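This report describes the architecture of one protein chain and the surroundings of its ligand. The sequence and the model are shown first.

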Amino acid sequence: MREDKPSIIIFYGDLKPSSSFQITKKAMVRVIDRVLLILEIFTKHAGTREALLQIEMARIKHELPLIRELIRRSKLGELPGFLGPGGYAIDSYYKHLTSRLSKIRRELEKLRLTRRYRLESRREKGFPHVVLVGYASAGKTSIFNKLTGDRRIVGEEYFTTLHPKHTAIKVNGFNIILIDTIGFIRDIPPEIIEAFHIVLEEIKYSDAIIFVVDISEDDHTIRDKVRAGIKTLAKLEALGIPLIIAANKVDKIEPKILEYRLNLLSNLVDNLKPKPTIIPTSATLGSGLNELVEAIAKTLGLSMRRSEVVEHAEKPF
Ligand SMILES: Nc1nc2c(ncn2[C@@H]2O[C@H](COP(=O)(O)OP(=O)(O)OP(=O)(O)O)[C@@H](O)[C@H]2O)c(=O)[nH]1
Ligand SMILES: [Mg+2]
């Protein structure tokens, strides 16, 4: 046996149960496909119990045909010793999954009835929520890390329920919650769209959205991604929430090209209301991040509210 045998094989595509079976049998390691991989990433971003249940449901639904295939094969004697003796272990796992599925369905119904999860998603009530969205590798996490690294507030025990991807930071003396989302995914498999939308549901409850766009990609890709991103925001009922566009990775392109692409970007979002603010940034160099914070403050009216407070406090009674 090779010493560098992997513990898992990720197949970046859709696998039919029979193909998955063949690969598993040959390699004798766990095989996951694109759907299961995306669902594992969803789990890390899920902010509510409802999202976690929805993801688990999608995973079970995706796995059941494979388990059925395993049962069928084991009954034909094709699975000696794998996944437990005979077909018994697989059989009981199958039963466990189907009963879990009906339990999840019941719980989801209850959650939807009480709508408690809506409150849950606004658990840090009273503080504006700002979410980072964008396609994979645009630089969401890099921007999140730079902003939260410099501005993370002290006394975090106050935010005990914060999710790992939510961090409280200070902007103009105000606390805001910055959220790093899973972002948009192209060609999302239809069977997991519902789970995807629920993971991204927090966008709908945010006070401002930062759409991170990799401005170093070619014009065509930028156009496609910005249009598709806006469509996704519309599906999530998040259009109308103030949008800030971080045109990121400016360090990778010439100033002339940057100027052209900023123009392109501006045309693409011209029809949106309120009109988005576009801020050129480089998370790597740290440039444009102060302007990004200023744009957040302006969008949320933070400096205004602060002066209102001062004005109010100075009024003689
Ligand atoms: N040159 C350059 N590289 C950047 C910049 N911002 C991010 N990167 C790089 O781009 C890659 C992706 O950055 P991430 O911050 O992980 O992107 P993301 O949007 O969080 O990606 P996902 O979480 O996969 O959706 C990393 O290798 C970063 O170092 C930038 O401003 N300039
Ligand atoms: Mg990221």
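## Overall content

The model is predicted, and side-chain atom pairs are considered only at pLDDT 80 or more. The protein contains 11 helices and 8 strands. Of its 317 residues, 34% count as buried. Among contacts with a separation of 6 or more, 69% are between residues 24 or more positions apart.

S3 runs parallel to S5, to which it is joined by 4 bridges. Within this pairing, Ile 177 in S5 is the bridge partner of His 129. S3 also runs parallel to S6, here with 5 bridges. Ala 208 in S6 stands opposite Val 130.

## Strands S7 and S8

The pairing of S7 with S8 is likewise described as parallel, over 4 bridges. Ala 246 has Ile 279 in S8 as its bridge partner. Ile 279 points from S8 in one direction together with Thr 277, whereas Ile 278 and Pro 280 point the other way; all of these residues are buried.

The strand pairings can be set side by side as follows.

| Strand pair | Sense | Bridges |
|---|---|---|
| S3 and S5 | parallel | 4 bridges |
| S3 and S6 | parallel | 5 bridges |
| S7 and S8 | parallel | 4 bridges |

Helix H8 comprises residues 219-235, a run of 17 residues, and reaches 24 Å from its first C-alpha to its last, close to the 24 Å expected at 1.5 Å a residue. Its buried residues are Lys 225, Val 226, Gly 229, Thr 232 and Leu 233. These residues cover an arc of only 125 degrees around the axis, which puts them on the same side of H8. The other side of H8 carries the exposed residues Asp 219, His 220, Arg 227, Lys 231, Ala 234 and Lys 235. The buried residues of H8 pack against strand S6 (208-214) and helix H9 (255-268). After H8 comes Glu 237, with a positive phi near 55 degrees.

Helix H9 has 14 residues and reaches 20 Å from first to last C-alpha, close to the 20 Å expected at 1.5 Å a residue. In this helix, Arg 261, Leu 265 and Leu 268 are buried. They cover an arc of only 60 degrees around the axis, which puts them on the same side of H9. The face turned away from that buried side carries Pro 255, Lys 256, Glu 259, Asn 263 and Asn 267, which are exposed. The packing partners of the buried H9 residues are S6, H8, strand S7 (243-248) and strand S8 (277-280).

## The shell around ligand 1

Ligand 1 is surrounded by 17 residues, of which Gly 139, Lys 140, Thr 141, Ser 142 and Ala 283 are the closest. Helix H6 (residues 140-151) provides the largest share of the shell, with 3 residues. By class, the shell contains 4 nonpolar, 9 polar and 4 charged residues.

## Two partly exposed residues

Asn 172 is located in the loop between strand S4 (166-171) and strand S5 (174-180). It has 16 other C-beta atoms within 10 Å and is therefore partly exposed. Asn 172 and Glu 294 are separated by 122 residues in sequence and by 8.4 Å in space, C-alpha to C-alpha.

Lys 61 belongs to helix H3 (residues 49-75). Lys 61 counts as partly exposed because it has 15 C-beta neighbours inside 10 Å. Between Lys 61 and Thr 98 there are 9.0 Å in space, C-alpha to C-alpha, and the two are 37 residues apart in sequence.

Technical notes. Residues numbered from 1 in each chain as written. Chains lettered and ligands numbered in written order. Predicted model: local features only at pLDDT ≥ 70, side-chain atom pairs only at ≥ 80, totals over all residues. Near = placed C-beta within 6 Å. Nonpolar A, V, L, I, M, F, W, Y, C, P; charged D, E, K, R; others polar. Expected span 1.5 Å × (residues − 1). Buried ≥ 20, exposed ≤ 12 C-beta atoms within 10 Å, placed from the backbone. Arc of directions from axis to C-beta. Contact = placed C-beta atoms within 7 Å. Pairing = 2+ DSSP bridges.
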